[in-house]
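Please look over the sequence and the 3D structure shown here before you read the briefing that follows.

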There are 2 protein chains.
Amino acid sequence: MTTTRSVLAAQATDYPRWFQDVIAKAELADNGPVRGTMVVRPYGYGIWELLQEAMNRKIKATGAENAYFPLLIPESYLQREAEHVEGFSPELAVVTHAGGKQLEEPAVIRPTSETMIGEYMGKWIQSYRDLPLLLNQWANAVRWELRPRLFLRTTEFLWQEGHTAHATFDDARAFATKILYDVYRDVMVNVLAIPVVVGRKTRRERFAGAINTMTLEAMTGDGKALQMGTAHELGQNFARAFDIDYLSSNGQRELAWTTSWGSTTRMVGGVIMVHGDDDGLRVPPAVAPVQVVVLAIKDETVAAARRIADDLEAAGLRVTVDDRTDQPFGRRAVNWELKGIPVRIELGPRDLAANAATVVRRLRSTKTAVNLADLTSTAVAAMDSDQAHLLEQATARQTARITTVSTVDDAVEAAAAGWASLPYDAVGETGEDRLATAGITVRCLQRPDGTLPASEDEDDLTAFVARSY
Amino acid sequence: MTTTRSVLAAQATDYPRWFQDVIAKAELADNGPVRGTMVVRPYGYGIWELLQEAMNRKIKATGAENAYFPLLIPESYLQREAEHVEGFSPELAVVTHAGGKQLEEPAVIRPTSETMIGEYMGKWIQSYRDLPLLLNQWANAVRWELRPRLFLRTTEFLWQEGHTAHATFDDARAFATKILYDVYRDVMVNVLAIPVVVGRKTRRERFAGAINTMTLEAMTGDGKALQMGTAHELGQNFARAFDIDYLSSNGQRELAWTTSWGSTTRMVGGVIMVHGDDDGLRVPPAVAPVQVVVLAIKDETVAAARRIADDLEAAGLRVTVDDRTDQPFGRRAVNWELKGIPVRIELGPRDLAANAATVVRRLRSTKTAVNLADLTSTAVAAMDSDQAHLLEQATARQTARITTVSTVDDAVEAAAAGWASLPYDAVGETGEDRLATAGITVRCLQRPDGTLPASEDEDDLTAFVARSY
């Protein structure tokens, strides 16, 4: 198999460098000129588009509707919710001048839109008939990051942010939980092939202004945690700050209960970190902008390569033909390996004479001769099979690298090589302090049966702790 | 037919007020808190999403790829192209502080991305093999507007902006022209049912930094012009400013030729203004978030309404059931008229007993009894037929309200009631000044056969002049 190890740092040697190298060599993204910003190149954006399409479909299936709220939020809006402004103030980008004049009130670029959307929920909701109000937007957001990293933590990122209002605490909790499992976990597991541990954040890790934050955590190739998405119960905090109230069916004014939930371009970083190997990216077929590349080795096989590509496309696959026969074969093969295209069909004159082609399965690291007549069925079958394979591999690694321990000290030791799970009773607030000094956080809490705790004060909770991106 | 005239200003009496009323009553959008910004509500966003999907498909068919470039542009980038910065400076929103500190270099929120994308084209393009480079992004942009108006001219707007680089002047011109006709005109005419006059802008109306701007102009219900989209030839201006050069096949360094082209949420304003009537919005079926509403008049018809809706959905239509039987029928009917849903099926107990329903065609203003067995075929047939009907109506109005004149004075008079067309030779630069004092502009220039002039200096050009939004 062609190896690309020379062009990338090895994962085992320098994982962060490997991550940067893959992003550059697979042409996923570039650094933007303003510190911490990102240019998402067509190949990286192609992955995001497919992911977004799947997520959007699932979000709509919950009954939520897409809308669009302004980028610029009056500074005073944020100040209406005390914890929220305290949490976000250090990260704000502020517009002070516009149209050649100083603004009377500075506007911040949205770091998140609870305040903006809260203001309009307050206007639109009058009676219980208007509830639940289920909104979502696909947008950019800006948070000034101290340690930016492409895809994982960029000053500007792309995301969907959902915001809902409900009549009761129970309705709000049920909806946030539905988003967590039926939308986020479903897409992460079944589309991105990324297993996630779903749990509740501790008080310290909560979203600023929430009464509860629920999270989905993935394990990266180097055994750290990556928060893939969160759903927040906001209680009545934002309803109080933005007058989101309604007339109940028995004529009482009641405050609504709101939620918010988000998932970002960071998920593309998750795909890279969970599935990538020393040869580059490995893209799950469901989000692969190119699922099959047909590589014509010589000029005389270009026409046949195009016919094969037509057949593959007719079978519903996303296909590209590499007809750059004036460039070295090796360099072209390495390029497609780096990009992690699931199936590469190599077609040379000898293959063609034998009525066959070489099928390279990037996600399996196999290389076999396949009869031309069987190419389409082989490629189609590879998609489901390789999608499942990536999920199995990632799940096996996650299982193998979570160590069960019983003390914070053992957790710190275990977290050098993966995650640790331990009784939350053995952690507590002082334990979180101790973990923090070692650069480790409680990623989430689960009940013994793996379900979500109704509160962090329940007995017998398990804490998952890890270093994280 | 239920009339909604009481809730909207009449078009003939106060067209701008009618426009605002429709936007509010049909729940399309709201004003944002920062002056000139807009909240796009779910119904308005639903129209945008369908429009965007159609446009995106057409853009991809040209070979252009989607990507995403940062929102924040260093101020110095804009200054590299003299005309560009002069044109956009008065409209910029500037971020001076971020992360609690003053920025070393202020960043502007993109008013458009020629400079940002030019910088990366310069990095990515090395040889003739890298050309053409065809990029597009779906994004928000901010231009501080003096006289903002919802959808038509908002401080923040959503759009796609395409940016391409080519080896030759001819390639660039051919591509910009292809976008104009095969993407923009096609979507406007065949999806939005909006006829457009396609032509070349005069020097005075060009995009800042372009050597040529081409435009598509629609006629609004009050006979004004609305610029629906533009494509620019940028010559080598941005290539020079951002070092976009390439090694030609014979080893020479050559500057590339670039284009840019954009279409925005303003198009939703076009749908409102071109098709709306005194009863509210009329949405072309192709972009109608709800194509058919099945209105159950009484509780006992709700179940049947749901069955009908299922059949309609199975036939591929976008359908909603109105089962709010606790609310007055009249108010519900008015609500759907305001929203311009193409087909409304009203189902009362007597209808049901007679095995029939009342079909109200909003875009035709007809109301007929239809046998239940024929409902689906009736609704399906209405879609194509009503789509065509809207285009015919708009085309007929446009034709009727363009007056051919021969002098600028006559054009000024004619433009009080519609557009005027006259020989461009009769206008010239002084004529444009004279028109400007009357609040009229040359919208575009065409050859006698309706095609695009290669230059504004060609003989026998026709100028279309009008008041505009």
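A residue is called buried when its relative accessible area is under 20%, exposed when that area is over 50%, and partly exposed in between, with a 1.4 Å probe and protein chains only. T220(B) counts as buried because its relative accessible area is 0%. The model is a predicted one, in which local features need pLDDT of at least 70 and side-chain atom pairs count only at pLDDT 80 or more, while totals for chains, interfaces and linings use all residues. Residues are numbered from 1 along each chain as its sequence is written, chains are lettered from A and ligands numbered from 1 in the order in which they are written, and side-chain values use heavy atoms, with hydrogens and water left out.

**The surroundings of T220(B)**

- T220(B) sits in the loop that runs between β10 (212-219) and β11 (225-233) of chain B, where helices (H or I, at least four residues) and strands (E, at least two) are DSSP runs, numbered from the N terminus.
- The side chain of T220(B) makes a polar contact of 2.5 Å with the side chain of D222(B); a polar contact is a pair of N or O atoms within 3.5 Å, and within protein one must be able to donate a hydrogen and the other to accept it, while residues adjacent in sequence count only if both atoms are side-chain atoms.
- If neighbours within four places in sequence are left aside, T220(B) is in contact with Y15(B), L226(B), M273(B), V274(B), R397(B) and Y469(B), where contact means heavy atoms within 4.5 Å.
- M273(B) and V274(B) are among the buried residues of α8(B).
- Helix α8 (residues 266-275) of chain B has 10 of its 10 residues buried, so the helix is largely enclosed by the rest of the structure.

**Where chain A meets chain B**

- Chain A contributes 52 residues to the contact, and chain B contributes 52 residues.
- The two chains bury about 4100 Å² between them, 61% of it on carbon and sulfur atoms; buried area is the accessible area (1.4 Å probe) that two parts lose on being put together, summed over both.
- Between chain A and chain B there are 26 residue pairs in polar contact, both residues being at pLDDT 80 or more.
- On the side of chain A that touches chain B, strand β5 (residues 93-98) of chain A gives the most, with 6 residues.
- That side of chain A divides into 32 nonpolar, 11 polar and 9 charged residues, where Ala, Val, Leu, Ile, Met, Phe, Trp, Tyr, Cys and Pro count as nonpolar, Asp, Glu, Lys and Arg as charged, and the others, Gly among them, as polar.
- β5(A) pairs with strand β5 (residues 93-98) of chain B in the antiparallel sense over 5 bridges, and two strands are said to pair if DSSP finds at least two bridges between them.
- Within this pairing, V95(A) stands opposite V95(B) in β5(B).

**Salt bridges**

- Over all chains the structure holds 52 salt bridges, a salt bridge being a side-chain nitrogen of Lys or Arg within 4 Å of a carboxyl oxygen of Asp or Glu.
- The count between chain A and chain B is 4 salt bridges.
- R129(A) and D326(B) meet through their side chains in a salt bridge (2.3 Å, N to O).
- The side chains of K60(A) and E49(B) also form a salt bridge (3.2 Å, N to O), and this pair crosses between chains, from helix α2 (residues 42-61) of chain A to helix α2 (residues 42-61) of chain B.
- K60(A) is partly exposed at 38% relative accessibility, whereas E49(B) is buried at 16%.
- R204(B) and E432(B) are joined by a salt bridge (3.6 Å, N to O).
- R204(B) lies in the loop between β9 (197-200) and β10 of chain B and E432(B) in helix α14 (residues 428-437) of chain B, so the pair ties together parts that are 228 residues apart in sequence.
- R204(B) is partly exposed at 41% relative accessibility, and E432(B) is buried at 6%.

**The surroundings of P70(A)**

- P70(A) lies in the loop between β3 (65-66) and β4 (72-74) of chain A, and P70(A) is buried, with a relative accessible area of 0%.
- Not counting residues up to four places away in sequence, P70(A) touches R110(A), M116(A), G32(B), P33(B), T37(B), M38(B), V39(B) and E156(B).
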